[in-house]
Amino acid sequence: MRSIWNGAISFGLVSIPIKLVNATESHSISFRQIHTEDGGRIRYRKFCELEDREVTQGEIGKGYEDADGSIIPITDEDLSSLPIPTAKTIEIVAFVPADRIDPLQMDAAYYLQASGAPAAKPYTLLREALKRSNKVAIAKFALRGRERLGMLRVVGEAIAMHGLLWPDEVRAPEGVAPDTNVTVRDQELDLADALMDTLGEVDLEDLHDEYREAVEEVIAAKAAGEALPQAPEPATGGKVLDLMAALENSVRAARESRGEEAGEHAEVKSLPERKTARAAPKQTGGKKSASTAKKTAAKKTTASAKKSTAKSGQGTKKTASKSTAKKTTTKKSTPRKRPA
């Protein structure tokens, strides 16, 4: 691999000569700009506006435009002699647990290659120290005209460095989350967990760029004068407004894609909890029933009270009637005896 930077790692008083090489590569398909009428290439030529002529790459340098519009030439020698220790050195400033690094800060990745035999021993020492500590090294280095942060970690038997953004370069997620108050029910979380379990894990080596493969097929078909491959029909179906239904359908589709039996996807771990959760409205209804029962009991009590009052009234009337009857009997005792 071709190195893009030569320098050294500063590990306390230990200096490790290294070469910086890219750890990643892009496999994306690049296109050329053409004239649509005749297919001619569109090229950009670099002209000197003072001499009005095209210049070669070797004649092009750097310059800083000042506030008044004047250009201040800056050479590579000017940048290489900057009065900072990181101009040609990756200076380790701390060792921290890996989980202290926010993934949002992660930038380009590089491999640090030991430069020459003298670098082998200190390089191996740093690698083994990182392994044993279960930490990563935070470093500062200068590359492509600016000072950067870096994170050193062990990858296999090599030391890799991830460029890090400065903390003030990471935006806060203000205004990104929903403003409204959203309540997620337990049964919805249960189904989401079931969907996650069903999708399971994946070996990242099995994933590939399907878009690039499709573009290559189109290019090959056009080059051979063949018909272009047809795009698959988009999935049909109405918009699902019920989140529970969407989750259940997702679990079903995921299990079917894994070749599970149709009957297997009917059982979701959360179903017992769903039934209990769905019984909640009935409990509310139960409260209504309880209050209704109380009202009914109150009505019955009132009715009983009324009946008791009525009975008491009737009893009073009956007693009064009996008393009157007794008086009448006393008065009419002789006629009653005659029939006897």
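**Entry 1: a buried glutamate and its partner**

I started with glutamate 188, which is buried at a relative accessible area of 10%. Buried here means under 20% relative accessible area, exposed means over 50%, and partly exposed is in between, with a 1.4 Å probe and protein chains only. Arginine 185 is its salt-bridge partner, with the closest N and O atoms 3.3 Å apart. I count a salt bridge when a side-chain nitrogen of Lys or Arg is within 4 Å of a carboxyl oxygen of Asp or Glu. Arginine 185 itself is partly exposed, at 40%.

A note on the source: this is a predicted model, where local features need pLDDT of at least 70 and side-chain atom pairs count only at pLDDT 80 or more, while totals for chains, interfaces and linings use all residues. Residues are numbered from 1 along each chain as its sequence is written, and side-chain values use heavy atoms, with hydrogens and water left out.

**Entry 2: the other salt bridges**

How many salt bridges does a search of the whole structure find? I got 11. In one of them, the side chains of arginine 127 and glutamate 157 meet at 3.4 Å, N to O. Arginine 127 sits in helix α2 (residues 120-133) and glutamate 157 in the loop between β10 and β11, so this pair ties together parts 30 residues apart in sequence. Helices (H or I, at least four residues) and strands (E, at least two) are DSSP runs, numbered from the N terminus.

Is arginine 127 buried or exposed? Arginine 127 is buried at 12% relative accessibility, whereas glutamate 157 is exposed at 52%.

I also looked up arginine 146, which forms a salt bridge with glutamate 169, the closest N and O atoms being 3.1 Å apart. That pair links distant parts of the chain, with arginine 146 in strand β10 and glutamate 169 in the loop between β11 and α3 (186-199), 23 residues apart. Both ends are partly exposed: arginine 146 at 34% and glutamate 169 at 37%.

**Entry 3: the cavity**

On a 1 Å grid over the protein atoms alone, a cavity is a set of points where a 1.4 Å probe fits but cannot get out; a pocket is an open set with protein on both sides within 12 Å along at least five of seven lines, and lining residues have an atom within 4 Å of a point. Grid points are joined across faces, edges and corners, and a volume is the space filled by probe spheres set on the points.

The largest share, three residues, comes from β8.

The largest pocket has a volume of about 380 Å³. Of its 17 lining residues, Leu79, Ser80, Ala87, Arg144 and Gly145 are the closest to its centre. Which elements each supply at least two residues of this lining? I noted β1 (3-11), α1 (76-80), β9 (135-143) and β10 (146-155).

The second largest pocket comes to about 320 Å³. Among the residues that line this pocket are Phe47, Arg53 and Lys62. The elements giving two or more residues here are β3 (47-48) and β5 (62-65).
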